[in-house]
Amino acid sequence: MEKATRWQSQYVLSGCAAKVAEQLDQQAQAQLGLKPNIASQQQQAKDNQAFDASHNASDADTNPTQTFFTWLEKIEEQRGNEQERVVVEYLDLLKSYKDRSQGMKAEISAALTDLEELRQLHSSVSSQTSAIHLACEQLLHDERALVQSCDAVSARLQYFKDYDRFRKLINSPTLSVMSDQFIAILSRLDECIIFLSDHQDYQDAQMYVTRFRHLRNKGLALAHTRITNTIRSLMQPQSGEAATPVRAIRADDRAVSQVRTLMEQLERRRANGEEYGNLLQACYNFYFEQRHNIRADSIAHMIESNLREHHANLPRLVRNGCQFMKTLCEEERIMYNRFFTTINEGFHNMIDGMTRRFYDAVRPLILQRAVSLDGLIQLCTVINVEVLEDEEVMSPFASVAEELLADVQERLTYRAQTFIDTSVRRYSPTKPDVDYPARLQLGTAADATASWYPPITRALTLLSQLYRSLERSVCEGIAQEILDAALSSLHTGARLVKAAKGAFHADLFMIKHLLVLREQIAPFDFAFAVTEVGLDFSSIRDAAVSLLSQTNTLFRFDKTNALYSFLVKGAPAVTKDRLDARQQIDTQLRDVCRAFIEHEVQVMVAPIKSFLQQVEKMSEKQRQQLPAKTPPEKLRSMHASSQTAIATEVEKLRKFLNLYLQSSDTETILFKPMKNGVLEAYRMVQELLSKYYSDNERASAQWPSLDTVSAQLSLTPAATPAATSTEVVASQAAKADSSQAATAPITDGVRTLNEGEATVQTPPATVTVGVSAVSNGGDGHVQSAQAATTSVAASSPSVSSSSSPTEATHMQHHHHHHHHQQQQQHTEHDAQNGSTVAES
């Protein structure tokens, strides 16, 4: 059983192995793409059938074991044969596979060998192709370089070849310098000269540069000849035409246009060589010479005719000459612009030469002839208004006019200083000139200056005339000198009035004219001040005395040497004094007003002031005995005398303040300090009565109250205007003064005036100055021009904050609002200064 079982297992295993081998063989055949062995498959099927038949027969056999073993032996024998056959066949199959693989390997090796050979051939071909390409590019580059070299050589050779061509063109008789061809030739010649000059290393370059320059000079010479001939022909008159020097060019616009175009082209090439500059300058000079020759006769004729017709009227002569020169300059500018495109210095020199002939003819008349002061002022106006202020006037003529104006101003300054010294400072007044107050009757509403002191009128007239005629710096110095001379002459007149009429009229005379000066100079917008520089030699005397007293130290070699000390300490000192005419007028006005007020107070209350001065010197013990020394009867007599004096002086003031000042506001402002002084004197006596006198004595003295005295102190003007701010300030100051201690000096009452006297005003009057009053003009145009520019007083307002409505309307209608504002500011500034000075 065991043996049967083992064989059965072997059989089963053998069968399984056969099946596995079969499957592997099929897979190998499928992988190798071989067809399966059909015979083997058929044999296997037969074996399987035999096995199945034997297996089925065994079921019927009675001796299954023997049958099985018999069958097994057969099967093993068949299987052994079959296995050998399969192995042999499979071995043959493998051998065929091996042979086939070796064949394929040989073919692959051959293909790789062919591929490597092909790669080597491709690399060789590619290298050869690149080399051919590079060689072609190099050949193309060399070709281009050669072409460029040929072109460059040809271009450079062209500069040399052009010489012969241009030489023939320049020498050609058909060449026209006015044509575009000539301009092109000049351009090419410039290019050749510049190129060859920059390449001196070329063979014969310098020689060709010289040749080209020679050709260019020859062409420029042709251009110069053509331009000068054209200008000459255009400047000359035609046949039958009068050779008038101011005639216009003939209507040949084409020739003029050709000259202008050619000159413009030559101007553009000025930087290419000095030959162009020389040619242009020669053409300009020729043109200027032609124009100067044409204009010379007309200028001489103008000067001669004006000297003959206006020999006695220099302003008219200068005005006509300036008009002629302005027309001449404009005509020459138009003429010049028709030929040339740029204005050069030569044109200005030509205009300067033409106009300077007029200057040379007029200057001796200004400096040598005795031209009046008014005539010089008219000349300044003519030159300023008609020449310098005209924007269309050419600068060369303006320069000549400025020189002429400087000469006139220099002469005017000298004549003004002479006039100031002789007609203002050293003015010798006649008896009618200082006949005040009778002279005040001469003044009218139309001409208030008739009542002024003549030197004041002359000074203000001169100042207004010089204001627009001189430079500001010069006019400021002369203005200060004018006012200083006016003040000096005013003091002379005041002394004569005082000698004839007394101090009362002398003070009013000073107050009136100081107010006039102050009001009339307010519109001028410059300072009436100068700084005088001098040397102080006072230290030299002290140094000399020290030198003589220390002769023993002359030979010392230190700082104690007497000679060294003399040189150091004896040097003169530089002093600077500022002279301000405005401040001088204000100071003198305050001083005169203060003196006038003190004098009037002294006249009205002389007995009272004398009594108060005596009391001021007494001790308190002596003052207790006042009723015995000064009984009530004496006080009553003192009041009676003062009341009479007050009535007399108030009436006198009422009459003459109105006559001198002609302004109720000014009169009131000036009278208030007088009233305050009188009231202060009465108040102080009243305090003495209340302190040292009994009730019976006070009643016996019959001393008036301050209200009673104040009622007597009234000017009672015809029309009482509304109270101004100045009056309010003065009233407040009066109340402050009345509240002071009894020992205060009576003269403190004038402080009220000092606080308000800066607003003291003159009547609305203006100085009638300007060229309308010039005696020797005869030129209405000049007079109207100067009246509009130099008559400052005629345009200055009468600044009075307390003017009546009628006067204010008249002033606003006739005077400039700007000057009105300036004078108001000046008045406020002076009011502040007056208060400061009074307090100090």
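Tutor: Let's start with a word we'll need: a residue is buried under 20% relative accessible area, exposed over 50%, and partly exposed in between, using a 1.4 Å probe and protein chains only. Keep in mind that this is a predicted model, where local features need pLDDT of at least 70, side-chain atom pairs count only at pLDDT 80 or more, and totals for chains, interfaces and linings use all residues. Residues are numbered from 1 along each chain as its sequence is written, and side-chain values use heavy atoms, leaving out hydrogens and water.

Now the pairs. Searching the whole structure turns up 28 salt bridges, each one a side-chain nitrogen of Lys or Arg within 4 Å of a carboxyl oxygen of Asp or Glu.

Take R85 and E89, whose side chains meet at 2.9 Å, N to O. They are four residues apart in helix α3, so about one helical turn separates them. (A helix here is a DSSP run of H or I with at least four residues, numbered from the N terminus.) R85 is partly exposed, because its relative accessibility is 26%, and E89 counts as partly exposed too, at 30%.

Next, hop to E680 and R683, which form a salt bridge at 2.3 Å, N to O. These two sit three residues apart in helix α22 (residues 664-692), so again there's about one helical turn between them.

R270 is partly exposed, since its relative accessible area is 37%, while E267 counts as buried at 19%.

Charged residues can also join up in a group: salt bridges link D162, R165, R188 and E191 into a network.

For contrast, go back to helix α3 (residues 64-170), where you'll find M104. M104 is partly exposed at 46% relative accessibility. Together with I108, L112, L115, L118 and L121, M104 makes a nonpolar surface patch of about 620 Å². A patch like that takes nonpolar side chains (Val, Leu, Ile, Met, Phe, Trp, Tyr) joined within 5 Å, from residues with over 30% relative accessible area and no salt bridge. The areas come from the Shrake-Rupley method with a 1.4 Å probe.

Technical notes. Patch = residues over 30% accessible without salt bridge, like charges linked within 9 Å, V, L, I, M, F, W, Y side chains within 5 Å.
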